[in-house]
Each structure stands twice: as structure tokens, then as C-alpha cells.
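Look at the chain below, and turn it slowly.

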Amino acid sequence: MSQFASRNAAGAGACAVVRNRVPLLPQPRYWLLWAIALSAAVLAIGFTVQMAAGVTAGELGVDQELSRHHVAALTTLAMALNTLFAPVAGACIILAIGLYLFLVRKSFVRAVMFVLVACSGWAASEVFKLIVARYRPNPALLFDPLAPETGSNSFPSGHTAFAVALAFALYFLVRGTRWGVITAWAGAVVAVVVAWSRIYIGVHYPSDVVASFLAATAAVIALSGLWNRYAPRFLGAAPDEAPEEAPSNSNGS
């Protein structure tokens, strides 16, 4: 009975200081190898579509087909996502949630964690954009270009990479709670819809958005591994692991 009481006291103490401790992020075994493998896959896709002209021509056909069949409701949705997941609006979303965690939830560590994870997708996409330098679909070849863009920053999609990383960041905040599964599924659905919207609008090829999922996931895995290794040391706190659930006392004592 004293053992149960000590466990209950330890669990209560852990819950009381959870905001002052460093949460550990989920990471796969051999996380660095996973991050490298996914990054290599992104580069393989990027260099393949750059060197094989027929691939780009085929992918442009997908954009053109969607451009011929725009529907008002879908166009409204796609354009809303175009604005919502753009750099300016995305930065506002990250800032708002980060400030909420810091000022309202009184958790500087979780605010830092959220901001870093949410921004990792963008950071990864920018690095791969510079390396691959793929030109966007030519808006002049589309039947109904909704947001004409040009430039060599097509691969991968920054909007999609941000949506994926944001989904991870939100899930990390609520994992282990009743909102964990819901957030994971909702984030996955939103990321897929954002990916579709980039092709629907005609500013990305299909391979651009596919690579975005890989790039953002690689970035999140790498960041999680680095966070778990270095954050507790630099933030000067013990790792925040979920407290062990205390067993119920059947004797009522």
C-alpha cells in the first residue's frame, strides 16, 4: 500500500511540473538513417524529373486536365488554402499558437518545440528548392491558371511541406490525450487536400507535392532526434516523459 501511495505522489508531482520540463518527441529507431534515406529519395525524385523531360510533360497533362474542369466550390477552397498556407499566413499561425503556449499555457519549452517542428517543413522545402531548381508549370499552357507563378522554385511544394510539418507539430502537442488520434487524422487529411490544391491551381506538378511529404517527414524526424538529444541539456531541464499511471487500490485505502 505504501508503494502505491509513493507512486501516486510521484505521478502527481510529475503532472505538477510538466510545463517546466522538456517533452521528448517520438522518433524512429535509427532516426538519422531514416532522415537521410528520405532526403535521398527527395533528391532522387527531383533529379529524375529534371533530367527526364517526358516526366514533366506527362505531369503537366495532369495540371492541364484539372485546369479544364475547375468548379466554383473547389476553386474557392483551393484559393483559400493558397492564402492560408502561404508564408505570411503560415507565420501568423505559428506565431499565434507559439504565443498561446508561452503566454497562456505558460510553457516556453513547448512553444519552442512547436515553432521548430512547424517551421521544419518550410526549411526543408527551401533547401531542396535551391538544390533541384525545377521550374513551375507554365501558366500560359493552362486552360484556367488561378494563381500564375513562375520561377525555379517548384520542387518541392512549400505549402504542402508546411501543412505536413504543422500536422506533426500539432499532434506532438496533444499526443497521449483523447485528441491525439483525431489530430493525427485531421492533419493528414488537411495535408493531402493542400497537396491536391497546389496541382488544382496549377502551380506545382504531382511529383512536387509527393516529394513534399517526404521532405517534411525527413525534417521532422531529424529535428525530433536532435531535440531529444540536445534540448534537455540546453534548456536545463529533465526530459518530460508521461508519468506512469498509478494502479487503482482495490482495498480503498
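Begin at the surface. Leu95, Leu99, Tyr100, Phe102, Leu103, Val104, Phe108 and Leu235 form a nonpolar patch, with about 760 Å² of accessible area together. Accessible areas come from the Shrake-Rupley method with a 1.4 Å probe, and for residues only the protein chains shown count as cover. A patch takes residues with over 30% relative accessible area and no salt bridge; nonpolar side chains (Val, Leu, Ile, Met, Phe, Trp, Tyr) are joined within 5 Å, like charges within 9 Å. The largest share of this patch, six residues, comes from helix α5.

A word on the model itself. It is predicted: local features need pLDDT of at least 70, and side-chain atom pairs count only at pLDDT 80 or more, while totals for chains, interfaces and linings use all residues. Residues are numbered from 1 along each chain as its sequence is written, and side-chain values use heavy atoms, with hydrogens and water left out.

Leu99 sits in helix α5. Is Leu99 buried, exposed or partly exposed? Leu99 counts as partly exposed because its relative accessibility is 40%. The cut-offs are simple: buried means under 20% relative accessible area, exposed means over 50%, and partly exposed lies in between (1.4 Å probe, protein chains only).

Rings of Phe, Tyr and Trp (its six-membered ring) pair if their centres lie within 6.5 Å; planes under 30 degrees apart count as stacked, over 60 as edge-to-face and the rest as tilted. Tyr230 and Phe234 make a tilted pair, 6.3 Å centre to centre with 40° between the planes. Both lie in helix α9, four residues apart, about one turn of the helix. Tyr230 is partly exposed at 32%, whereas Phe234 is exposed at 67%. The whole structure has seven aromatic pairs. Ring pairs also link Phe85, Trp122 and Phe162 into a cluster.

Now step back to the whole chain. It has nine helices and two strands. Helices (H or I, at least four residues) and strands (E, at least two) are DSSP runs, numbered from the N terminus. Along the sequence the pattern reads α-β-α-α-α-α-α-α-α-α-β. The chain exposes about 13300 Å², and carbon and sulfur atoms supply 69% of that area. Of the 253 residues, 40% are buried. Contact means heavy atoms within 4.5 Å. Among contacts with a separation of 6 or more, 82% come from residues 24 or more positions apart.

Next, go inside to helix α7. It runs over residues 158–174 and has 17 residues. From first C-alpha to last it reaches 25 Å, close to the 24 Å expected at 1.5 Å a residue. How many of its 17 residues are buried? Twelve are, leaving α7 mostly covered. Among them are Gly158, His159, Phe162 and Phe172. The cover includes α4, α5, α6, α8 and α9. After α7 comes Gly176, whose phi is positive, near 90°.

Ser157 lies in the loop between α6 and α7. Ser157 counts as buried because its relative accessibility is 0%. Beyond neighbours within four places in sequence, its contacts include Lys129, Arg198 and Asp208.

Side chains of opposite charge can pair when their charged atoms come close. A salt bridge is a side-chain nitrogen of Lys or Arg within 4 Å of a carboxyl oxygen of Asp or Glu. By this rule there are four. Asp208 and Arg134 meet in one, at 2.8 Å from N to O. This pair links distant parts of the chain: Asp208 is in helix α9, and Arg134 is in the loop between α6 and α7, 74 residues apart. Asp208 is buried at 0%, and Arg134 is buried at 1%. Glu59 meets Arg134 too, at 2.7 Å from N to O. Here Glu59 belongs to helix α3, 75 residues from Arg134. Together Glu59, Arg134 and Asp208 are linked in a network of salt bridges.

Compare Glu65 and Arg68. Their salt bridge has its closest N and O atoms 3.6 Å apart. Both lie in helix α3, three residues apart, about one turn of the helix. Glu65 is partly exposed at 41%, and Arg68 is partly exposed at 48%, whereas Glu59 and Arg134 are both buried.

Definitions and conventions
The expected span of a helix is 1.5 Å times one less than its number of residues.
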